[in-house]
Amino acid sequence: MANHKSSLKRIRQTKTRTLHNRYYAKTMRNAVRKLRALTNKEEAEAQYPKVQKMLDKLAQKNIIHKNKAANIKSGLAKHIASLG
């Protein structure tokens with residue numbers, strides 16, 4: 001157990017940030033999953049900008065890595081292009 005006041009505060013802050021980051025990462029994963037499950041091209045194209053914006057925001061706030069965001073966006077664009 002921590003012995004310093006600052007260590008205790010750091011533990012509290014880390015716990016709060018972890019919950020916050022986990023929530024947004026899970027929300028992003030669910031949005032990507034829903035988009036990948038779509039089979040209608042028009043619907044997927046309408047949903048894509050929202051997911052793209054979410055990924056960019058999370059990368060900007062360092063919740064996910066910027067290359068991971070780019071990789072996911074690229075995969076989603078390929079998926080939408082393959083829909084017919």
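From the N terminus on, the elements of the protein chain follow the order α-α-α, with three helices and zero strands in total; helices (H or I, at least four residues) and strands (E, at least two) are DSSP runs, numbered from the N terminus. The radius of gyration of the protein chain is 17 Å, well over the 12 Å that the globule rule gives for 84 residues, so the chain is more spread out than a compact globule. Here the radius is taken over C-alpha atoms, and the globule rule is 2.2 Å times the number of residues to the power 0.38. Along the principal axes, the C-alpha atoms fill a box of roughly 60 × 20 × 15 Å. The model is a predicted one, in which local features need pLDDT of at least 70 and side-chain atom pairs count only at pLDDT 80 or more, while totals for chains, interfaces and linings use all residues. Residues are numbered from 1 along each chain as its sequence is written, and side-chain values use heavy atoms, with hydrogens and water left out.

Turning to the chain as a whole, buried residues make up 25% of the 84 residues, where buried means under 20% relative accessible area, exposed over 50%, and partly exposed in between (1.4 Å probe, protein chains only). Of the contacts (heavy atoms within 4.5 Å) with a separation of 6 or more, 57% are accounted for by residues 24 or more positions apart.

Helix 1 has 33 residues and reaches 48 Å from its first C-alpha to its last, close to the 48 Å expected; the expected span is 1.5 Å times one less than the number of residues. Its buried residues are Ala25, Met28, Ala31, Val32 and Leu35, and they pack against helix 2 (41-60) and helix 3. An α-helix has 3.6 residues a turn, so residues three or four places apart point the same way.

Leu8 is also found in helix 1 (residues 5-37), but counts as partly exposed because its relative accessibility is 32%.

What does Lys73 touch, not counting residues up to four places away in sequence? Lys73, in helix 3 (residues 66-82), touches Tyr48, Gln52, Leu55 and Asp56. At 18% relative accessibility, Lys73 counts as buried.
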